[in-house]
Amino acid sequence: MIALLQRDLLLAVRAGGGFGLGVAFFLIVVVLVPLGIGPDMVILSKVSVGVLWVGALLACVLSLDRIFSLDYDDGTLELLLTSPIPLEAVVTIKAFSHWITTGLPLVVVSPILGLLLGLQVSDLKWVVISLLIGTPALSAIGAFGASLTVGIRRGGLLLSLLVLPLYVPTLIFGANVASKGLEDVSNNGALLILTAVTLAAFSILPFASAFVLRINLR
Amino acid sequence: MLLSVDNLSVSRGGVSLFEGLNFTLSSGQFISLTGGNGTGKTTLLRSIAGLQPIDKGEILIDTDNFIFAGDSNGIKTSLTVSENLRFWSAIFGGKEFEEALEVFHLTKFENRFAGKLSAGQKRRLSLARLMLADKAIWLLDEPTVSLDKKSMEEFSKILKNHLEAGGAAVVATHIDLGLKTHSSNINIEDYRTKSGNLNASAGAFL
Amino acid sequence: MSLWEYANPVKFLKLSDKVLPFFVGFSIIGLSIGLFWGFFFTPDDYRQGSTVKIIYLHVPSALMAINAWFMMLVASLIWLVRRHHVSALAAKAAAPVGVTMTMVALVTGALWGQPMWGTWWAWDPRLTSFLVLFLFYLGYIALWSAIDNPDTAADLTSMLCIVGSVFAILSRYAVNFWNQGLHQGASLSLDKEKNVADVFYQPLLFSIFGFVFLFLTLVLIGTRTEIRLRRTEALRLRKDSE
């Protein structure tokens with residue numbers, strides 16, 4: 001299973017866009033927002049958490065169809081299904097490698113983009129923490145959406161339509177952790193729920209995803 | 001006995017393809033599947049591999065003891081030949097892949113990207129996967145597609161070695177692989193479902 | 001004889017043939033009594049004036065918007081466990097009705113909210129939840145229409161409905177967490193302290209009764225259409241393979 005993770009990461013590096021594309025998209029969103037709202041740093045810092053979270057979420061959605069579609073097209077997924085590795089594990093690993101290639105880079109650049117949106121250096125901590133805990137859930141939920149649409153040609157738009165409503169709770173709790181953290185209000189409750197969402201998404205959703213993949217591969 | 005198929009019927013797209021199919025496969029035995037396009041060779045192999053649900057009958061197989069190779073190669077074009085094989089060897093338990101490279105004459109392409117290989121070389125790389133798995137039953141769908149005459153002969157030699165070592169194979173193919181002993185043929189067209197017979201799912205609406 | 005016998009599409013068509021006129025009748029009776037009584041024979045509210053009368057569309061449609069999703073969830077589970085085609089097709093037929101009910105609830109809510117709260121829309125937990133529910137419906141319907149094989153489509157949409165239900169409940173909870181809200185409490189509850197006065201309450205019951213049967217009628221007609229489509233397809237398949 002480590003081999004699968006290694007291979008997915010290697011493929012992401014070889015394909016070029018793997019790591020960079022999501023981050024570039026994230027950057028563009030964050031640059032466009034002040035252009036639309038205006039340069040007032042006070043207003044920008046008020047909306048910064050929301051912009052960072054929504055931007056990260058959209059950057060994540062952008063790359064979801066890559067989780068399974070390449071392996072589906074070249075027949076690898078079919079071979080993996082008949083291999084000794086349980087399909088549930090395959091899904092989990094692939095969701096995790098999606099997080100490493102997409103979610104983690106977003107977390108890493110988020111403090112710099114936070115500064116662009118008028119956040120103080122001392123405030124950046126909570127943005128990073130909330131994204132670090134929340135983005136894995138986005139990958140696991142996204143893997144479920146990707147397994148639903150894997151057999152559909154040009155399913156990218158449909159995939160976003162299916163996945164974005166499922167992202168609502170993660171977005172709400174994630175942004176809540178960050179914004180409460182900035183205001184120095186206790187955010188333990190939201191932090192706990194966000195952690196629970198991520199853990200539950202990674203432990204339960206792979207079963208639903210594998211079920212759906214088996215149907216799409218028959 | 002490694003595999004037993006009993007009174008099997010399978011459908012595709014709502015229409016039943018074949019019915020009443022019976023056969024068994026024992027160690028050292030080779031079965032070639034023949035029949036025209038769309039008669040159900042691929043569907044049968046996919047059913048045995050557990051990819052495709054069946055309508056009726058029973059398939060008895062040790063699910064840990066087979067390897068399936070479909071019509072697509074399952075090769076990553078942006079990985080090198082040895083990286084492709086290293087991945088599959090890790091999936092199947094970490095067997096060395098040098099021998100497989102040698103047998104399929106891929107050693108000199110070891111560090112070449114699989115995307116740069118010719119169609120026949122890609123096929124050989126795909127078949128090299130079989131040697132990494134150490135499984136008794138090989139389920140192969142048109143394995144010799146895009147292979148030249150020499151590679152084909154070599155592949156039938158590999159198949160023969162596999163059978164002599166106690167393995168078995170079910171292969172959908174139109175080509176005589178020259179395996180005289182222990183080989184039998186199933187023509188799926190002999191089991192073709194009577195015309196107009198729908199599967200249970202579509203039939204429920206009539 | 002078991003109830004599951006009617007899960008056979010052909011038997012279901014026969015049964016629904018007999019039941020459908022009653023459902024149509026009940027929905028006409030319920031809706032006409034409820035709406036006429038509600039619109040013309042109830043007093044104006046001392047605070048809300050005649051605006052309050054939109055309750056006779058708003059509450060029943062909101063109720064059915066949620067019940068339709070719940071029905072789809074139950075039907076999806078039945079399909080996955082027992083493989084009855086009627087169940088999957090009923091879920092498929094309920095979705096467009098459910099999404100319409102959601103839209104009616106949102107629009108009547110906006111029309112009601114404007115004079116009362118002074119705004120067409122507020123990011124209140126209830127309103128937001130309904131908007132999210134609307135998105136769930138859209139995704140579900142889009143997935144049905146994107147897949148060619150009907151059994152595959154039924155399997156995938158059923159799984160989406162189940163996972164979606166969990167996330168819909170989670171979203172409802174999340175949205176409450178996110179904003180405390182402007183919307184009044186539930187209009188109907190089993191508590192003794194009712195939120196709606198008796199004069200308004202009785203016609204509302206008729207209206208809800210009418211909406212329930214309107215929903216059942218529409219789902220039944222939709223399911224029958226889906227069954228006939230599948231029947232046509234099966235006949236065509238049989239002919240082609242001969």
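Predicted model: local features only at pLDDT ≥ 70, side-chain atom pairs only at ≥ 80, totals over all residues.

1. Residues are numbered from 1 along each chain as its sequence is written, while chains are lettered from A and ligands numbered from 1 in the order in which they are written.

2. Next, the make-up of chain B. Chain B has six helices and eight strands, where helices (H or I, at least four residues) and strands (E, at least two) are DSSP runs numbered from the N terminus. In sequence order the pattern is β-β-β-α-β-β-α-α-α-β-α-β-β-α. The radius of gyration of chain B (taken over C-alpha atoms) is 18 Å, close to the 17 Å that the globule rule gives for 206 residues, so chain B is as compact as a globular protein of that length. That rule is 2.2 Å times the number of residues to the power 0.38. The C-alpha atoms fill a box of roughly 60 × 35 × 30 Å along the principal axes.

3. How much of chain B is buried? Of its 206 residues, 43% are. The cut-offs: a residue is buried if 20 or more other C-beta atoms lie within 10 Å of its own, exposed if 12 or fewer, and partly exposed in between, with C-beta atoms placed from the backbone.

4. Chain B splits into domain 1 (1-65 + 135-206) and domain 2 (74-134), with bounds that come from an automatic or database domain assignment. Their C-alpha centres lie 25 Å apart. Domain 1 puts ten residues into the contact and domain 2 puts in nine. On the domain 1 side, helix α5 (residues 149-164) of chain B gives the most, with three residues. By class, that side of domain 1 has six nonpolar, two polar and two charged residues. For the classes, Ala, Val, Leu, Ile, Met, Phe, Trp, Tyr, Cys and Pro count as nonpolar, Asp, Glu, Lys and Arg as charged, and the others, Gly among them, as polar.

5. Have a look at helix α4 (residues 119-133) of chain B, which is mostly covered: twelve of its 15 residues are buried. Among them are B:Arg123, B:Arg124 and B:Arg129, along with B:Leu125, B:Leu127 and B:Leu130. The buried residues pack against β5 (66-69), α2 (81-91), α3 (98-103), β6 (137-141) and α5 of chain B. Just after α4(B), B:Asp134 takes a positive phi of about 60°.

6. B:Leu44 is buried, with 28 other C-beta atoms within 10 Å. Leaving out residues up to four places away in sequence, B:Leu44 touches B:Val10, B:Leu33 and B:Ile188.

7. Over to chain A. The axes of helix α7 (residues 124-148) and helix α9 (residues 168-182) of chain A come within 8 Å and cross at roughly 170°. Axes are lines fitted to C-alpha atoms, for helices over the stretch in contact, and angles run from 0 to 180 degrees between N-to-C directions. The two helices, α7(A) and α9(A), are therefore roughly antiparallel to each other; the cut-offs are under 35 degrees for roughly parallel, over 145 for roughly antiparallel, 65 to 115 for roughly perpendicular and the rest oblique. Residues from α7(A) in this contact include A:Trp126, A:Gly134 and A:Leu138, and those from α9(A) include A:Gly174 and A:Gly181. The contact of α7(A) with α9(A) divides into seven nonpolar, five polar and no charged residues.

8. What sits over helix α8 (residues 156-166) of chain A? Its buried residues include A:Leu158, A:Leu162 and A:Pro165. Their cover includes α3 (41-62), α7 and α9 of chain A together with α4 (125-146) and α5 (150-178) of chain C.

9. Finally, the chain contacts. Chain A gives 18 residues and chain C gives 22 residues to their contact. By class, the chain A side has 16 nonpolar, two polar and no charged residues. Between chains C and B, the contact takes twelve residues from chain C and eleven from chain B. The chain C side there divides into four nonpolar, three polar and five charged.

Note on methods:
Contact = placed C-beta atoms within 7 Å.
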